[in-house]
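Dear colleague,

I am passing on the structure that we spoke about, and my notes on it follow directly below. Please read them with the model open beside you.

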Amino acid sequence: MKPQAGDADIARVREKIEALGFHAHVIPGEQRTAIGITGNSGPIDPAEFEDLPGVAEAIRVSKPYKLVSRETKPDNTVVAVNGVRVGAGKPVFCGGPCAVESREQILESARAVKAAGGQLLRGGAYKPRTSPYSFQGLGEAGLRHLADAREETGLGIVTEAVDVETFDLVERYADCVQIGARNMQNFSLLRRAGRSRKPVLLKRGMSSTLEEFLMAAEYILAEGNYNVILCERGVRTFADHTRNTLDLSVVPAVQSLSHLPIIVDPSHGTGKRDKVLPLSLAAVAVGASGLIVEVHPQPDHALSDGYQSLDPAQFAELTAACRAVAEVLAEKRFSARELH
Ligand code: PEP
Ligand code: MN
């Protein structure tokens with residue numbers, strides 16, 4: 001739609017799409033609204049829409065992922081999580097432990113994240129663990145502790161939903177619901193996330209291609225939730241000097257194909273504490289919209305992922321260094337988008 005298109009113009013287009021028996025997806029943007037059409041089995045003549053008031057252009061989307069595609073929505077999507085704007089230019093910092101272990105542990109983590117200038121708090125109350133005998137998370141008690149941490153610090157909460165059964169509960173407490181790498185192609189869970197009114201952080205599967213990643217996001221948008229943040233967290237390769245291989249090249253690749261913001265998880269991406277700072281700097285330099293980093297008050301005593309968790313001082317060093325990199329990039333008016 002044109003920037004000056006009004007609600008009535010948008011409603012007219014929506015009604016026309018629905019009258020033709022298709023689904024209309026009204027995706028609001030900072031400048032312009034995009035309206036996606038799904039549910040059609042064959043091509044639709046763009047001329048059907050081009051003459052309606054407020055319509056800038058009608059385009060046929062060639063990609064298999066429709067709503068996620070930049071063809072559908074040329075402008076970047078900004079996702080607000082508890083008021084924090086992800087994808088608006090400045091990198092957003094989300095920190096916190098792998099898992100919520102106790103009320104004190106998450107409160108201490110939250111204070112550290114806040115003191116370091118972080119804006120969002122992470123922490124799993126439900127953990128997808130490789131072994132069924134490993135710590136699985138505190139469940140609802142963990143969610144309550146996260147809510148207490150938000151109450152005290154004002155930080156928005158990012159926490160994972162591992163299945164459809166517990167989604168309702170997680171959604172009630174979370175400001176942003178994380179879908180983990182192992183669940184990236186859990187299509188019923190993606191559909192459930194698509195019916196949520198909370199933003200979703202979708203992590204890339206550890207062996208997924210870019211197209212599979214974008215198609216997973218498409219499941220969420222297709223159900224009507226357009227607030228999706230993508231996250232690169234490393235993929236499996238033959239390399240064994242790190243836990244995963246952080247694929248930073250996917251950041252500009254996503255940015256050219258999709259309007260959705262993408263952030264980077266250098267903690268799971270490397271699996272090693274001493275690699276987290278350098279890869280965070282690289283992630284900001286490559287144009288990521290933010291970082292999600294594991295931070296623990298006492299990493300060596302963490303119940304999960306301690307070897308890749310930073311202590312509070314290391315996280316403070318990370319946010320300061322990354323902000324310095326971001327400032328240089330802003331000064332040079334150098335953004336990943338401008339390179340395409
Ligand atoms: C996590 O964020 O702690 C996590 C389990 O991440 P991933 O799904 O990327 O492995
Ligand atoms: Mn973890």
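A word on metal donors before the site itself: donors are taken to be N, O and S atoms within 2.8 Å of the metal (3.2 Å for Na, K and Ca), and water is not among the atoms, so sites may look incomplete. With that in mind, the donors of the manganese ion (ligand 2) follow the spacing C-x169-H-x25-E-x10-D along the chain. The atoms concerned are SG of Cys98, NE2 of His268, OE of Glu294 and OD of Asp305, which coordinate the manganese ion at 2.0 to 2.4 Å. Two of these residues link distant parts of the chain, since Cys98 sits in the loop between strand S5 (92-96) and helix H3 (103-115), whereas Glu294 belongs to strand S12 (residues 290-294), 196 residues apart; helices (H or I, at least four residues) and strands (E, at least two) are DSSP runs, numbered from the N terminus.

Please keep in mind that this is a predicted model, in which local features need pLDDT of at least 70 and side-chain atom pairs count only at pLDDT 80 or more, while totals for chains, interfaces and linings use all residues. Residues are numbered from 1 along each chain as its sequence is written, chains are lettered from A and ligands numbered from 1 in the order in which they are written, and side-chain values use heavy atoms, with hydrogens and water left out.

As for burial, I call a residue buried under 20% relative accessible area, exposed over 50% and partly exposed in between (1.4 Å probe, protein chains only). Cys98 counts as buried because its relative accessibility is 5%, and Glu294 is buried as well, with a relative accessible area of 0%.

Ligand 1 has around it Cys98, Arg122, Lys127, Gln178, Gly180, Ala181, Arg182, Lys203, Arg233, His268 and Glu294, where a residue is near a molecule if one of its heavy atoms lies within 4 Å of it. This shell divides into two nonpolar, three polar and six charged residues; here Ala, Val, Leu, Ile, Met, Phe, Trp, Tyr, Cys and Pro count as nonpolar, Asp, Glu, Lys and Arg as charged, and the others, Gly among them, as polar. Oxygen atoms of ligand 1 lie 2.8 Å from a side-chain N or O atom of Arg122, 3.2 Å from one of His268, and 2.7 Å from a backbone N or O atom of Ala181. The protein covers 97% of the 300 Å² of accessible area that ligand 1 has on its own (Shrake-Rupley method, 1.4 Å probe).

Elsewhere, His259 lies in the loop between helix H8 (250-257) and strand S11 (262-264), and at 1% relative accessibility His259 counts as buried. A polar atom of the His259 side chain lies 2.7 Å from the backbone oxygen of Leu67. Leaving aside neighbours within four places in sequence, His259 is in contact (heavy atoms within 4.5 Å) with residues including Val68, Ser69, Arg70 and Leu221.

Thr242 is placed in the loop between strand S10 (228-232) and H8, and is buried at a relative accessible area of 12%. Its side chain reaches the backbone oxygen of Asn244 at 2.7 Å, and, beyond neighbours within four places in sequence, Thr242 is in contact with Thr270 and Lys272.

By contrast, Ala19, in helix H1 (residues 7-19), is exposed, with a relative accessible area of 68%.

Conventions
Polar contact = N/O pair within 3.5 Å; in protein donor to acceptor, adjacent residues only side chain to side chain.
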